[in-house]
Each structure stands twice: as structure tokens, then as C-alpha cells.
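I open this notebook to record what I looked up in one structure. The entries follow the order in which I took up each topic.

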Amino acid sequence: MPRSTLRRSLDPIAIAGCAALWALWALWAQPAHAALPAATGITWNVTPQQIADHCKQRIAEATARIKTLDEQPAGAGFGKGLLPIESAVADLSDALAAEAVLGQIAVTKDVRDAATKCSEDLADFGVKVGADPAILAFATTARDEVTATADRALVQRYVEAGRRSGAGLDAAKRKQATALFERLSKVQIAFQRELSEETPTIAITHDEATSLPPSFVATLKAKGSGYVVPVNESTALPFMKNEASSAARKRYRVAYDSRGGPANVKRLAEAVALRDRLAHLLGFKTWADYQLDTKMAKTPARAMALLAQVDEALLPKAREEVAVLAAMKRDGGDKAPMASWDYLYFENQLQKSKYAVDEEAVRRYFPVQKVIAAVFQIYEHLLGVRFEEIKPADAWAPDVLEYSITDVASGKAVGWFYLDLYPRAGKYEHFAMFPLRAGRVLPSGEVQKPVSAIIGNWPLAEPGKPALLTHDDVITFFHEFGHLMHNSLSTAPYETIFGANVRQDFVEAPSQMLENWMWQPSVLKQVSSEVDTGQPLPDELIRKMIEAKHVDDGVRWSRQVFYGTYDMTLHSSGAHVDPTRLWFDLSRKLLVFPAIPGTLPEAGFGHLVGGYDAGYYGYLWSLVYGQDMFSEFAKGGVDSAEVGMRYRKDILEPGGSIEPDVMLHNFLGRDVSYEPFYEYVGIKKLAP
Ligand SMILES: [Zn+2]
């Protein structure tokens with residue numbers, strides 16, 4: 001899951017947070033049309049026609065199996081109802097593992113198109129299974145039958161899915177729910193389309209362009225004696241960090257915060273009203289209650305309590321950080337008060353003058369081969385595993401690497417993974433871990449081993465030179481590899497609760513914890529090697545990198561508190577909320593800089609219609625829990641194989657079979673504490 005989906009805006013960029021690739025929870029192929037099966041058993045070399053045929057045939061088979069099971073007498077519970085259903089769905093996932101993911105990674109467009117169609121058909125199949133009243137009936141009966149931890153977790157997931165989809169409603173109400181879900185989906189798509197299709201711009205003068213990087217100006221269209229600047233995610237940072245004219249920055253910011261416009265405000269209000277009606281229909285008080293029912297936080301009140309407590313600690317720090325920048329602005333001769341459009345510019349000036357970390361100089365210390373080898377070493381040592389390259393790789397593209405994973409203590413095979421690290425035409429454009437196949441115990445008792453991949457887009461090397469990574473690239477790789485280990489070392493027996501199929505607001509916590517490794521001086525030395533001299537990163541450079549990281553923690557994270565609070569309040573205030581008024585009211589309370597009058601920032605907040613509705617708090621939530629887990633390594637040492645093995649047993653192995661609160665208690669040996677998070681962002685702990 002990529003780290004880049006945290007709301008990027010004109011506010012400081014926070015790292016961490018992954019897209020919901022889990023919806024794609026991908027699937028594997030039994031070698032139905034295989035010539036020579038690879039070690040993984042997944043067949044990658046398929047034609048568009050084979051994909052279409054195979055997909056159709058397998059979905060039809062699974063549908064028929066489920067139909068037969070549905071017709072069993074009422075009262076069939078776990079063994080005769082739910083378990084065979086779970087097997088039928090998992091068999092389908094396995095059979096179509098390659099087809100489910102090739103849409104994003106295949107080399108040729110015809111294969112990508114055929115596979116994308118298959119993914120859509122699989123998604124439709126999944127929706128039908130989730131809304132099947134017979135399956136909900138099996139699950140409800142099974143609740144009184146099962147005692148084993150994993151069985152109970154599996155039953156619980158099916159009960160939740162049935163309830164959330166409306167499978168338990170009478171026919172008339174189910175029809176109503178379906179209509180509401182369909183309308184909601186249309187409104188959400190229209191909101192996103194508005195954002196992707198509109199192309200707002202501002203004009204700047206020749207003088208105003210002089211402070212911008214020449215490489216940036218070279219991309220702008222000339223107009224009269226000046227330039228036209230497109231206002232979007234990709235220009236926001238280079239422009240706002242470097243534009244010296246406060247007036248130009250203000251024009252940009254106003255345009256940026258007006259994206260989506262009144263049409264999107266209307267759509268957002270409609271989405272909130274539809275969600276509220278759906279929540280009531282499905283038996284919940286609010287949409288937030290509906291969404292949190294299947295999360296670790298469980299209730300909106302618990303999520304809001306965390307946000308409020310963190311905000312109380314962070315906002316004073318944010319004000320202090322801004323005061324430093326305001327003094328810089330004054331000292332520079334600009335007497336106007338510090339405003340929201342000034343923040344990034346002066347923060348960048350502070351970074352340059354005080355810390356002077358040259359990203360290009362840092363890159364020279366991170367050649368790709370060194371980083372991969374060192375990251376492997378760290379995970380091997382920490383988690384008691386060994387990785388071995390399989391040559392030649394059996395994969396979907398020529399430069400993909402394939403590895404096996406072995407457990408060192410037992411010598412047993414654990415699973416496989418792939419690294420597909422460089423750009424190709426038509427390939428997935430971010431950097432993420434894709435679970436290709438879940439592990440599980442097959443009905444025969446045999447254990448099926450998991451397969452995962454990291455799909456990325458590292459910069460290609462210049463001819464004759466090794467490819468070099470930024471520190472941020474290195475952190476991303478380490479983060480995604482943490483997800484890969486979650487998907488490899490789980491021992492949960494069912495696909496539905498395997499690996500990183502944990503509660504959605506916990507899934508990032510392990511990888512957010514692991515990012516800490518790439519900020520430890522000892523580890524940074526271990527993963528770095530200057531491309532000419534072979535020397536590790538110098539102490540002085542490491543010190544500056546670490547200091548620079550924390551310079552905007554208060555502003556950065558109080559902003560995240562604001563987004564989370566806005567989202568949660570919007571989705572727990574009934575059907576008639578005014579999205580704009582709520583934004584302005586809350587921004588006055590929770591932000592150093594309130595919203596700019598006349599703008600409509602919520603009209604451009606795609607997360608609210610992109611699957612993070614009543615879920616945005618999850619970024620901060622999982623970071624708080626991730627930092628608490630890290631406190632165990634801070635105590636025992638980031639190279640402690642003893643703590644690493646406890647982490648593997650208590651957090652990674654259970655997957656979704658144990659609730660996160662319980663796993664955390666097992667690992668920490670105590671209740672969760674916010675203190676490590678407060679230390680991480682440089683604030684003292686609050687009175688209890
Ligand atoms: Zn992630």
C-alpha cells in the first residue's frame with residue numbers, strides 16, 4: 001500500500017498511509033492452463049483470451065458451488081455452510097491470482113485490459129456473496145457453534161459483512177438499500193471526476209516566476225509577459241515552497257481551495273444524506289457508527305477521544321512552530337501577518353537555512369543494490385527468516401525479481417515474493433505491496449503458502465551508473481516490505497482473516513512502526529554506502545536529517561487531527577449538515593490558520609468520497625499505536641531478534657484472527673499508551 005495517500009495539500013506533507021488496495025485482495029492461479037508451473041504455482045504467461053475464458057469459467061464454477069450450498073436446509077451452520085462457502089471463495093481467489101492483478105502490471109495493453117475486466121467481474125462476485133442472505137444465516141447459526149479463535153473471527157467477519165450489505169433485511173428494505181448504495185456510488189464517482197477533469201490555473205508575472213526553480217518554470221506555458229501555473233497536486237509543493245511573492249501564493253492557495261466548487265459541495269451534502277439514510281436502514285445510529293462497527297476503534301466516540309486528546313497536546317506546538325516562521329517573515333521586512341499561504345514558503349526557507357540537507361547529496365549514499373541487500377538483512381535478522389533469489393524468475397515482466405522465504409528455526413518454506421521496482425509503460429504508478437495469494441489451511445490439511453509482490457517505480461539508473469534512491473524512497477521500501485512480511489508470516493488458517501486482512505484502522509500500524517528504523521543513526525549507517533567511496537552516511541548529515549524531520553510535527557499532525565475530526569463530525573451529524581459551514585467552524589477551533597473566506601476546501605477533499613469516509617482518523621490512529629509498538633524496540637533495541645520474534649508471534653502471525661486491542665496487549669504486556677506518540681512528535685505527555 002503506498003505511503004502517499006495521506007491528504008496532500010498546501011499543508012506540510014505527512015508521510016505514511018496507504019491506499020485501500022485491499023479491495024483488490026488478489027488471488028492466485030492453480031495452473032489450469034499452465035505448461036510449467038513456477039514454484040509459486042501462479043501462471044503469469046497468459047493471453048487475453050485465456051484470461052477472459054478462465055475468469056468466466058472460474059466465476060461460474062464458484063457461483064454454482066455457492067448456489068448449491070445456499071440450498072442446504074436452514075440451520076446448516078459452520079461445518080456444512082460457512083466453511084465450504086469460505087473455501088469456494090478462496091478457491092476462486094487462488095484460481096484467478098494472476099488475472100486479478102495483471103490489469104495493473106502486465107507488459108501489454110491487451111493483457112491489462114482483459115485482466116481489468118476480470119477484476120471488475122470478481123468485485124461484482126464479491127458484492128453478491130457479501131449480500132447473500134443464506135450466507136448470513138449460516139454465519140448467524142455458526143456463532144453458537146464455534147469456539148476456536150480463528151473460527152470465531154471468521155464467523156464474525158461474515159456476520160458483519162452480511163449486516164453491512166443489508167443481507168439481513170426483508171426484500172423491500174434490501175431493494176431500498178441497494179438503490180441507495182447505487183446512487184451513493186454515482187455521486188462519489190461524479191465528485192472524483194469533477195476533480196480529475198477540471199483544470200484550474202493562475203497567472204503569474206515574469207517577476208513572480210524568478211524565485212521558482214528553473215526546471216519548474218520550464219514546464220509552464222508563457223502568457224503575455226508572464227506564465228500560466230496549473231493548480232493541482234503536482235504543482236502545489238514546488239510552487240508554494242518556492243514562490244517568494246505573498247500575493248502570488250495567495251492567488252494559488254485560493255484557487256487550490258476552490259477546486260471542485262459548489263457542484264462538489266452539493267454532491268458531498270448528498271453523499272452525507274444518502275449515507276445517513278443507509279445507516280438507519282441497516283440498523284446504525286449514524287454513518288460513522290456504521291463505518292466504525294468493523295474497525296479497531298469500534299465507536300465514533302473512541303476515535304474522537306483520541307483526536308481530541310492529541311489535538312490538545314499538538315495545537316500549542318503548532319502555534320510555536322508558526323511563531324518561529326512569523327518572526328522570519330517580519331525580519332525579512334514583510335509586515336503583513338503570517339497567513340496560511342505563507343507557511344510552506346517560510347518553512348522551506350527555515351529548512352534551507354538551518355538544516356541544509358541536500359537531497360541529491362543524500363541520494364549518493366543509497367545505491368539500489370546496497371539498500372535492497374541491507375533491508376533484507378534487517379528483516380531476516382529481526383524476524384528469523386531467510387530470503388533466497390530464484391533464478392530465473394517466473395514472473396510477468398523481464399526485470400522482475402523472485403524470492404523464496406524460509407523460516408530459519410525450522411528450515412521450513414514460508415512463501416514467496418516478487419520485486420517489480422522500475423517503471424514501465426501502462427504500469428501501476430505508485431509504490432505498494434500487493435498480496436497476490438493468501439496463505440490458508442486447505443481442506444486436505446495441507447498449508448498453502450502466501451505470495452506477495454512489491455510493485456514500485458524507482459528512478460531508472462543513468463547509463464553505466466547504479467540507480468540511486470532518495471531517503472524517502474528507502475523509507476517507502478522499508479514500509480512496504482513491512483506489509484509484505486505481514487502477508488508472509490501470518491499463520492491464520494482462512495483467507496478472509498489472513499495476513500494484513502486486519503481491521504482497516506490497524507493495517508498501517510506495523511509499517512508505520514517500521515518506518516522508525518530508517519531514522520535510527522545505526523540503521524542509516526547500515527543501509528548506506530556512498531556510491532564512489534563505499535562510506536556510510538556521515539554522523540553530521542544524519543543529525544541534520546533527523547532534526548529537519550521534526551521541524552513541522554505540530555503543524556503537520558494538528559492538520560491531520562483537523563481532517564479526521566471534520567470527517568467524523570460530518571458523518572455523525574445526521575442528514576442535513578452544511579459541509580462548508582462545518583469546515584469553517586472546525587478550522588477556527590483546530591487549526592493555526594482558519595480556512596480562507598470564500599473558498600470551498602471540502603469540495604476538493606477526495607478522501608471523503610474515496611473510501612476514507614468516517615475513516616480518515618485511521619492515519620493518526622494507527623501511527624499512535626505504531627509508535628507504542630515501537631517503544632518495545634526502543635527499549636530492547638532495533639536490532640533485537642528477541643523483540644522481533646515477539647512481534648512476529650504476537651502481531652504478524654495472528655493476522656485478522658485476533659482483534660488488534662488484544663494483539664497489542666499481548667505484545668506490550670500492558671494497556672496501550674499515547675506517550676510514545678507524544679515523544680515522537682516532540683511534546684511532553686499530558687496529565688492522565
Ligand atoms: Zn502502508
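Predicted model: local features only at pLDDT ≥ 70, side-chain atom pairs only at ≥ 80, totals over all residues.

**Aromatic pairs**

Residues are numbered from 1 along each chain as its sequence is written, and side-chain values use heavy atoms, leaving out hydrogens and water.

I then asked how many aromatic pairs the structure holds. There are 43, where rings of Phe, Tyr and Trp (its six-membered ring) pair if their centres lie within 6.5 Å, with planes under 30 degrees apart counted as stacked, over 60 as edge-to-face and the rest as tilted. Phe376 and Phe417 form an edge-to-face pair, 5.8 Å centre to centre with 90° between the planes. Phe376 lies in helix α17 (residues 368–383) and Phe417 in strand β6 (residues 413–420), so this pair ties together parts that are 41 residues apart in sequence. Helices (H or I, at least four residues) and strands (E, at least two) are DSSP runs, numbered from the N terminus.

I next took up Tyr563 and Trp583, whose ring centres are 6.2 Å apart with planes at 45°, so the pair is tilted. Tyr563 belongs to helix α22 (residues 553–570) and Trp583 to helix α23 (residues 579–590), so the pair ties together parts 20 residues apart in sequence. Both Tyr563 and Trp583 are buried.

**Charges over rings**

I looked for charges over rings (NZ of Lys or CZ of Arg within 6 Å of the ring centre and within 35 degrees of the ring normal). The charged end of Arg164 sits over the ring of Tyr290, 4.1 Å from its centre. That of Arg259 sits over the ring of Tyr256, 3.8 Å from the centre.

**The sheet**

I traced an open sheet of 5 strands in the order β4-β5-β6-β10-β7, with mixed pairing (two strands pair if DSSP finds at least two bridges between them). β4 (385–389) and β7 (432–437) stand at the edges with a single partner strand each, so one side of each has no neighbour in the sheet.

Is β7 enclosed or open? I found 6 of its 6 residues buried, so β7 is largely enclosed by the rest of the structure. β7 pairs with β10 in the antiparallel sense over 5 bridges, and Ala432 has Ile455 in β10 as its bridge partner.

Conventions. Buried < 20%, exposed > 50% of the residue type's maximum accessible area, 1.4 Å probe, protein only.
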